[in-house]
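Subject: Structure for your attention

Dear colleague,

Please find below the structure that I am handing over to you. I would be grateful if you would look through it alongside the notes in this message.

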Amino acid sequence: ARRADQILARAREFVRQPCRDRSQGKLLSVALQGLPPQLLEMGFPAPFMALPLLVYAAVRNEEKPAFPLAVATTLLYLGVDILDDLADGDLPAHWKGRKESEINLAAVTLISSLPQLALAELDASPETIAGLQRLLADGLLTMSAGQQRDLALAGTMRVTAAAEACP
């Protein structure tokens, strides 16, 4: 639980740093309210936090230098989860009073900008950081394609496993 608290504290601190104005910071702070209940539900180590720490510790025998990576995966997870809640119509109570467009904006910011900035804080070579950012972008494209297929198939009775190639 201590590591989860440390990652959450770093994520909160990290979200405040790049904010361009108070309203953006407040919106992202509301988004972060969704993490503690999920951690209680999943228990620690939550995979999105623990995996970067465990892998780094296995290779380097310490985990603290991997905290920016754990922050990146935590913010990414949260953004994806918020988008899922929006699509499913089951937003948690901390979003009450917020427009869906604001919630969507928070999720997109958590997915697109903040993980990239967190990865840039790693104590690693520029090539390694660029490789991680490219891997993240590639993973997001794959997730987007899968979600698009899900949306296209919603309400249909005929579903196949075959994927179509890009034009």
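Predicted model: local features only at pLDDT ≥ 70, side-chain atom pairs only at ≥ 80, totals over all residues.

Overall composition

The protein has eight helices and zero strands. Read from the N terminus, its elements follow the order α-α-α-α-α-α-α-α. Of the 167 residues in the protein, 32% are buried. Among contacts with a separation of 6 or more, 64% are accounted for by residues 24 or more positions apart.

Packing of H1 against H5

Two packed helices are described by the angle between their axes and by the distance between the axes. Helix H1 covers residues 2-16 and helix H5 covers residues 67-88; they pack at an angle of about 75°, and their axes lie 9 Å apart. Angles of 65 to 115 degrees count as roughly perpendicular, and H1 and H5 are therefore roughly perpendicular to each other. On the H1 side, the residues that meet H5 are Gln6, Ile7, Arg10, Ala11, Phe14 and Val15. Their counterparts in H5 are Phe67, Pro68, Ala70, Val71, Thr74 and Leu75.

Helix H4 spans residues 47-60 and includes Val55. Met49 counts as buried because its relative accessibility is 0%, and buried means under 20%. Its C-alpha is 9.6 Å from that of Leu75, although Met49 and Leu75 are 26 residues apart in sequence. Leu75 is also one of the H5 residues listed above as meeting H1.

Val55, by contrast, has a relative accessibility of 47% and so counts as partly exposed. Together with Leu51 and Val59, Val55 makes a nonpolar surface patch of about 300 Å².

Asn61 is found in the loop between H4 and H5. Its phi is positive, at about 70°, although Asn61 is not a glycine. Most residues other than glycine have a negative phi. Asn61 has 73% relative accessibility and therefore counts as exposed, the cut-off being over 50%.

The salt bridge

How many salt bridges does the structure hold? There is one. The side chains of Glu102 and Arg98 meet in a salt bridge, at 3.2 Å from N to O. With a relative accessibility of 27%, Glu102 counts as partly exposed. Arg98 is likewise partly exposed, with a relative accessible area of 23%.

Leu119 is found in helix H7, which runs over residues 114-120. Is Leu119 buried or exposed? At 4% relative accessibility, Leu119 counts as buried. Leaving aside neighbours within four places in sequence, the residues in contact with Leu119 are Leu69, Ala72, Ile129, Leu132, Gln133 and Leu136. For one of these, Leu136, the separation from Leu119 is 17 residues in sequence and 9.8 Å in space, C-alpha to C-alpha. Two others, Leu69 and Ala72, fall within the stretch 67-88 that forms H5.

With kind regards

Key
Residues numbered from 1 in each chain as written. Heavy atoms only, no water. Patch = residues over 30% accessible without salt bridge, like charges linked within 9 Å, V, L, I, M, F, W, Y side chains within 5 Å. Areas by Shrake-Rupley, 256 points an atom, 1.4 Å probe, with all protein chains shown as cover. Salt bridge = Lys/Arg side-chain N within 4 Å of Asp/Glu carboxyl O. Helix = DSSP H or I, 4+ residues; strand = E, 2+ residues; numbered from the N terminus. Buried < 20%, exposed > 50% of the residue type's maximum accessible area, 1.4 Å probe, protein only. Axes fitted to C-alpha atoms, helices over the stretch in contact; angles between N-to-C directions. Parallel < 35°, antiparallel > 145°, perpendicular 65-115°, else oblique. Contact = heavy atoms within 4.5 Å.
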